[in-house]
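Biologist: Could you walk me through reading a model like this one, feature by feature? I would like the general idea before each case.

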Protein chains: 2
Amino acid sequence: MRNLIMTVSYDGTAYSGFQSQPDGNTIQDRIEAAIEHLTGEKIIITSSGRTDAGVHARAQLFNFHTASSIPLERWALALNSRLPPDIRILEARMADPDFHARRWAKRKTYRYTINCNRIPDVFQRHMQVHHPTPLDVEAMRHALRTLIGEHDFTSFCSVKSTKPSHVRTIYDAVIEIEPQRSLEGSLSTGVIHIFITGNGFLQHMVRIIVGTLLQIGEGKRSPQEMGDILAAQKRSRAGPTAMPHGLMLWDIVY
Amino acid sequence: MRNLIMTVSYDGTAYSGFQSQPDGNTIQDRIEAAIEHLTGEKIIITSSGRTDAGVHARAQLFNFHTASSIPLERWALALNSRLPPDIRILEARMADPDFHARRWAKRKTYRYTINCNRIPDVFQRHMQVHHPTPLDVEAMRHALRTLIGEHDFTSFCSVKSTKPSHVRTIYDAVIEIEPQRSLEGSLSTGVIHIFITGNGFLQHMVRIIVGTLLQIGEGKRSPQEMGDILAAQKRSRAGPTAMPHGLMLWDIVY
């Protein structure tokens with residue numbers, strides 16, 4: 001049995017998230033069906049973690065053990081021809097026999113994208129949350145820096161979480177403003193990308209952080225409140241869960 | 001009656017093209033329905049030109065005469081709230097009473113996008129034609145330059161054309177290579193954009209030019225053949241009509 005690790009990119013718009021569901025409409029279900037179609041093996045893949053319905057991945061990773069002798073370089077094209085066009089395997093590699101895509105993940109980066117132009121970009125509408133009123137990006141940056149380090153992120157975690165600990169470490173958190181390509185010129189904030197890198201993320205964590213940042217960017221809360229919200233360890237203190245479609249699993253480091 | 005000119009951006013994936021059709025599934029049908037819903041007026045809009053099924057527009061222009069007194073700055077948002085999310089009015093302006101979006105257009109630019117990476121980009125799959133084998137971009141550039149100037153473009157025009165003259169002027173034609181953002185690194189040609197600017201375009205003209213350029217990029221034909229194909233004034237001498245979804249109406253100058 002070989003332990004294979006694969007990188008997969010997906011547009012999550014049409015799916016009920018990554019993880020297998022009874023309705024079968026998930027990325028994992030489609031990948032497992034493609035593997036079964038290719039090798040005849042009924043396999044359960046192990047991903048670096050789940051993503052919610054509507055959330056995308058530039059690069060998600062998963063591994064599985066297979067008895068198949070298909071050469072490594074043929075896996076991506078063979079699976080892609082059995083997958084819908086919104087899911088593409090980018091690469092397949094051999095992994096250490098003990099490699100486990102979730103347990104071995106050292107750091108993950110998520111990107112959240114907000115389009116602050118007056119009119120949304122039709123070509124990016126499934127990947128950008130439209131927010132046509134101005135945002136104070138400097139205030140958002142200030143608040144975001146408060147989260148860097150090791151903290152209990154209970155305030156930024158779904159109350160449905162069953163994790164024994166909500167302590168996680170954020171290594172880096174930045175906001176990049178995309179160079180203006182829109183026809184509107186420089187009248188608005190433009191498109192902003194929030195990148196957050198950590199050793200692991202709780203359920204809805206990035207989306208609740210973004211929902212809180214949006215309140216700060218709108219001037220409804222001060223950037224100084226971020227520390228109080230974090231310290232309170234109460235979900236009710238943070239802002240709402242931002243919409244899923246702005247979120248993309250960007251990178252995973254092992 | 002005011003003569004209004006509007007800029008519209010659309011993702012053409014779901015539509016049977018710009019121009020009104022009996023099935024009603026066109027950009028024009030949707031815009032006219034939104035205007036009627038807003039003003040009660042049954043209006044026929046005049047666009048800068050049609051686009052084929054599956055072809056997109058970053059910026060298409062149209063004009064129409066209206067008795068409505070809705071202030072200029074409210075039109076875009078009012079129509080957008082009555083349009084599907086893949087069609088967005090970007091701007092509304094007052095036009096000269098005689099302005100005619102097709103007749104007054106001085107130059108138009110189209111962009112055609114080809115992704116030459118091994119694996120297509122899931123997020124751009126409706127806007128990029130995937131061509132995973134290498135292309136000789138320098139040969140394509142050489143051939144493209146042959147088309148600049150005033151020529152009879154019969155070889156690059158659908159045989160269904162009913163235009164009395166196939167003489168058009170190409171002002172500029174360039175190929176840009178997008179900076180690599182893919183995870184594949186620099187192993188492939190990457191994503192290329194072909195920009196063609198002219199005083200007008202015949203039916204399928206850009207797509208037939210691209211279909212011919214692809215044969216040249218693949219080494220099936222030499223770049224020197226481009227001049228012979230043009231001079232022959234025969235559709236059968238050029239390459240196939242490239243797929244519609246790589247094409248985008250980019251800009252119009254009046």
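**Reading the features one by one**

Modeller: Gladly! Keep in mind that this is a predicted model. Shall we begin with the annotated positions?

Biologist: Is Asp52(A) buried or exposed, or in between?

Modeller: The in-between class runs from 20% to 50% relative accessible area. Asp52(A) has 21%, so the residue counts as partly exposed.

Biologist: And what does the "binding site" annotation cover?

Modeller: In the unreviewed UniProt entry, that annotation covers Tyr110(A). Tyr110(A) belongs to strand β5 (residues 107–115) of chain A. With a relative accessibility of 7%, Tyr110(A) counts as buried.

Biologist: Which residues of chain A does UniProt list as a domain?

Modeller: The unreviewed entry gives "domain: Pseudouridine synthase I TruA alpha/beta" for residues 8–101 and 143–254 of chain A. For residues 8–101 of chain A, the span is 20% helix and 26% strand. The end C-alpha atoms of that span are 13 Å apart.

Biologist: Now salt bridges. How should I think about them, and how many are there over all chains?

Modeller: Side chains of opposite charge can pair when their charged atoms come close. Searching the whole structure gives 14 salt bridges over all chains. One of interest here joins Arg207(A) and Asp52(A), at 2.8 Å from N to O.

Biologist: Where do Arg207(A) and Asp52(A) lie in chain A?

Modeller: Arg207(A) is in helix α4 (residues 205–217) of chain A, while Asp52(A) is in the loop between β2 and β3, so the pair ties together parts that are 155 residues apart in sequence. The two partners can be read for accessibility as well: Arg207(A) is buried, with a relative accessible area of 11%, and Asp52(A) is partly exposed at 21%.

Biologist: What does Glu91(A) pair with?

Modeller: Glu91(A) meets Arg93(A) in a salt bridge, at 3.5 Å from N to O. Glu91(A) is partly exposed at 39% relative accessibility, and Arg93(A) is partly exposed at 36%. In chain B, Glu91(B) forms a salt bridge with Arg93(B), where the closest N and O atoms are 3.5 Å apart. There, Glu91(B) is partly exposed at 38% relative accessibility, and Arg93(B) is partly exposed with a relative accessible area of 36%.

Biologist: What about charges without a partner? Which residues form the positive surface patch?

Modeller: For a patch, look for residues with over 30% relative accessible area and no salt bridge, with like charges joined within 9 Å. Here the positive surface patch is formed by Arg50(A), Arg102(A), Arg103(A) and Lys163(A). Lys163(A) is placed in the loop between β7 (149–152) and β8 (167–177) of chain A. At 46% relative accessibility, Lys163(A) counts as partly exposed.

Biologist: Let us turn to the backbone. What is the phi of Gln233(A)?

Modeller: Most residues other than glycine have a negative phi. Gln233(A) is not a glycine, yet has a positive phi of about 50 degrees. Gln233(A) is located in the loop between α5 (225–232) and β10 (247–253) of chain A, and is partly exposed at 41% relative accessibility.

Biologist: And what is the phi of Gln233(B)?

Modeller: Gln233(B) also has a positive phi, near 50 degrees. Gln233(B) lies in the loop between α5 (225–232) and β10 (247–253) of chain B, and counts as partly exposed at 41% relative accessibility.

Terms used:
Residues numbered from 1 in each chain as written. Chains lettered and ligands numbered in written order. Predicted model: local features only at pLDDT ≥ 70, side-chain atom pairs only at ≥ 80, totals over all residues. Heavy atoms only, no water. Patch = residues over 30% accessible without salt bridge, like charges linked within 9 Å, V, L, I, M, F, W, Y side chains within 5 Å. Areas by Shrake-Rupley, 256 points an atom, 1.4 Å probe, with all protein chains shown as cover. Salt bridge = Lys/Arg side-chain N within 4 Å of Asp/Glu carboxyl O. Lys, Arg positive; Asp, Glu negative; His and termini not counted. Charge placed at Lys NZ, Arg CZ, Asp CG, Glu CD. Helix = DSSP H or I, 4+ residues; strand = E, 2+ residues; numbered from the N terminus. Buried < 20%, exposed > 50% of the residue type's maximum accessible area, 1.4 Å probe, protein only. UniProt positions renumbered as here; feature names shortened; annotations may be inferred.
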